[in-house]
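Have a look at the model first, and then we can go through it together.

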Amino acid sequence: MSIFQAILFGILQGLTEFLPVSSTAHLLIAQTIMGLPADEAMFSFLVIIQWGTLLSLLIFFYRDLWEILHAVLTSLGPLLKQQAPKLTSQARLGWHILLATLPALLAGYLLKDEVEVLFQTPLREAAIRLLTAALLLVLAEGLTKKSRHIENMTWLDALVIGLFQVIAVFPGASRSGTTISAGMFRGLERRSAARFAFLMSIPVMLAAGAYQMLDLPRLPDLTNFLSLLTAGFISAAIIGWLAVKWLLAYLNKHSLYIFAAYCALAGTLCLIFSLI
């Protein structure tokens, strides 16, 4: 892989991580087009550049994250004293994020080896996940009321959305598409579903990247790999911030049907080429 290719991967990661079109599917497609090997180094690169988009989330939501963290830590006081805390809306949101994160963290740990094997058939996996994303987005738009806001979420909402995030552990699955759809299935309006989906992805992206970093010392030509990783990380962070800002504004007035149509078209093309 060249520096130019690493930057292209970073741009693609930043653009598609938050748009409900599956970042991993697009990275797998790009990997196939560029003729890059589906080896351990490539797998590590694709997982770790997610930290670039993680940085973009931390910057974009830094005020929300600080308020949520402060509220959660404050709520721990009464709990340690075995008293029932009076949770603020930000404290509830923080605990909901934690609850929604647990299923994906557990699945990612238990299924790491199986997931890595799936990266070896990139076009087929991309096709399956893109078509799945298209179906979920159509159902979420067509069958839901989309009337509730993030402040009205319940523990059950968080758990259901968290279980949907398990799907995103597998390559090609759209994390944002899956979790936004899950939020809409629970009656959240589009922007609230997207905001919760982005916030709940932070711990999972952090854990996935950190876990993959443990494999770095075993990679050959580590110095060159780190330079490629840096280039992908920076480009992913910049484009990711722009993508989050644009999508949240877009969802105020527009549906997700255009993304569903795109996923259906891209998934069909991937399926055709994988069969050929």
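The second largest pocket has a lining of 13 residues, and those nearest its centre are Leu65, Ile68, Leu69, Ile97 and Pro203. This is a predicted model, in which local features need pLDDT of at least 70 and side-chain atom pairs count only at pLDDT 80 or more, while totals for chains, interfaces and linings use all residues. Residues are numbered from 1 along each chain as its sequence is written, and side-chain values use heavy atoms, with hydrogens and water left out.

**The second largest pocket**

- α5 (62–80), α6 (89–110) and α11 are the elements that give two or more residues to this lining; helices here are DSSP runs (H or I, at least four residues), numbered from the N terminus.
- About 330 Å³ of space lies in this pocket.
- On a 1 Å grid over the protein atoms alone, a pocket is an open set of points with protein on both sides within 12 Å along at least five of seven lines, a cavity is a set where a 1.4 Å probe fits but cannot get out, and lining residues have an atom within 4 Å of a point.
- The lining holds 12 nonpolar residues, 1 polar and no charged (Ala, Val, Leu, Ile, Met, Phe, Trp, Tyr, Cys and Pro count as nonpolar, Asp, Glu, Lys and Arg as charged, and the others, Gly among them, as polar).

**The cavity**

- The structure holds 1 cavity of 30 Å³ or more, and the volume of the largest cavity is about 40 Å³ (the space filled by probe spheres set on grid points, which are joined across faces, edges and corners).
- Its lining consists of Glu17, Phe18, Arg175, Ser176, Thr179, Ala197, Phe198 and Ser201.
- By class, that lining has 3 nonpolar, 3 polar and 2 charged residues.

**Helix α1 against α12**

- The axes of α1 (residues 3–16) and α12 (residues 222–250) come within 7 Å and cross at roughly 30° (lines fitted to C-alpha atoms over the stretch in contact, with angles from 0 to 180 degrees between N-to-C directions).
- These two helices are therefore roughly parallel to each other (angles under 35 degrees count as roughly parallel, over 145 as roughly antiparallel, 65 to 115 as roughly perpendicular and the rest as oblique).
- The residues of their contact divide into 10 nonpolar, 7 polar and no charged (contact means heavy atoms within 4.5 Å).

**Helix α9 against α10**

- The axes of α9 (residues 155–165) and α10 (residues 175–185) come within 9 Å, crossing at roughly 155°.
- α9 and α10 are therefore roughly antiparallel to each other.
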